[in-house]
Structure formats: structure tokens, C-alpha cells
Amino acid sequence: MVQATISYTIGFIKQEARQLVKKGILSRQQPIYTLCKYIPAREWGNIELELEHNDFLLRDRICDLLGREDWFDD
């Protein structure tokens, strides 16, 4: 049986992190490596490679990964 490996893009990683922050599961001030609790262990190596290719360190904060967010008054 051949297992397909999922290719994670930086956009996908940012989207997942943004959703976890929005739901209140993670804080923007936590290190990026805290995402590993919410991504299958077998895929974490791929995530690390993609982060490294985009100049992110696991100790960087999630807010660094998310970048600027625009807030609008209701």
C-alpha cells in the first residue's frame, strides 16, 4: 500500500494557524511549534520544511506567521 504525502504550502499553514487563533485554541503569542499538537505527527516534517523554506523558525511567534491583520469597526 502506497501512502500519499500531503504537500503543505505556507498559505495552508497560515490558514490553519489563523483558524486555531480565531477559535481561541491558540494565542498569537505562542511559538509556531505549538501547531504540532494540531497537525498529524507524520506530516510535521513536511510542515517544518515548508516553514524553513519561508524563513520561519519554530520558536517564532504565531503572530509572525500570520502577519498583519486588518480590523474593521462594526
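One aromatic pair is counted in this predicted model, where rings of Phe, Tyr and Trp (its six-membered ring) pair if their centres lie within 6.5 Å. Planes under 30 degrees apart count as stacked, over 60 as edge-to-face and the rest as tilted. The pair is formed by Tyr8 and Phe12 and is tilted. The ring centres are 5.1 Å apart, with 45 degrees between the planes. Residues are numbered from 1 along each chain as its sequence is written. Local features need pLDDT of at least 70 and side-chain atom pairs pLDDT 80 or more, totals for chains, interfaces and linings use all residues, and side-chain values use heavy atoms, without hydrogens and water.

Buried means under 20% relative accessible area, exposed over 50%, and partly exposed in between (1.4 Å probe, protein chains only). Tyr8 belongs to the segment before helix 1. Beyond residues up to four places away in sequence, Tyr8 touches Ile13, Glu43, Asn46, Ile47 and Glu50; contact means heavy atoms within 4.5 Å. The C-alpha atoms of Tyr8 and Leu49 are 9.3 Å apart, although 41 residues separate them along the chain.

The protein chain has three helices and zero strands. Its elements run α-α-α from the N terminus on. Helices (H or I, at least four residues) and strands (E, at least two) are DSSP runs, numbered from the N terminus. Of the 74 residues, 31% are buried. Among contacts with a separation of 6 or more, 71% join residues 24 or more positions apart. The accessible surface comes to about 5,700 Å², and carbon and sulfur atoms hold 50% of this area. Accessible areas come from the Shrake-Rupley method with a 1.4 Å probe; for residues, only the protein chains shown count as cover.

The largest nonpolar core has 17 residues. Such a core is a set of buried Ala, Val, Leu, Ile, Met, Phe, Trp, Tyr and Cys residues joined through side-chain atoms within 4.5 Å. Ile13, Leu35, Ile47, Leu51 and Leu65 touch the most other members. Helix 1 (10-22), helix 2 (41-53) and helix 3 (62-66) each supply at least two residues of this core. Helix 1 gives the most, with five residues. Ile13 is in contact with Tyr8, Leu35, Ile47, Glu50, Leu51 and Leu65, leaving aside neighbours within four places in sequence. In soluble globular proteins, nonpolar side chains tend to be buried together.

Helix 1 has 13 residues. The distance from its first C-alpha to its last is 18 Å, close to the 18 Å expected at 1.5 Å a residue. The expected span is 1.5 Å times one less than the number of residues. Ile10, Ile13, Ala17, Leu20 and Val21 are the buried residues of helix 1. Seen down the helix axis, they fall within an arc of 100 degrees, so they line one face of helix 1. The arc is that of the directions from the helix axis to the C-beta atoms. These buried residues pack against helix 2 and helix 3. Just after helix 1, Gly24 has a positive phi of about 80 degrees.

Glu43, Trp44, Ile47, Glu50 and Leu51 are buried in helix 2. They cover an arc of only 125 degrees around the axis, which puts them on the same side of the helix. Arg42, Glu52 and His53 are exposed on the other side of helix 2. Helix 1 and helix 3 are included in what covers the buried residues of helix 2.

The loop between helix 2 and helix 3 holds Asp55 and Asp60. Asp55 is a residue other than glycine, yet its phi is positive, near 65 degrees. At 69% relative accessibility, Asp55 is exposed. Asp60 is in contact with Gln30, Pro31, Ile32 and Asp55, leaving aside neighbours within four places in sequence. Asp60 and Gln29 lie 31 residues apart in sequence, with 9.0 Å from C-alpha to C-alpha.
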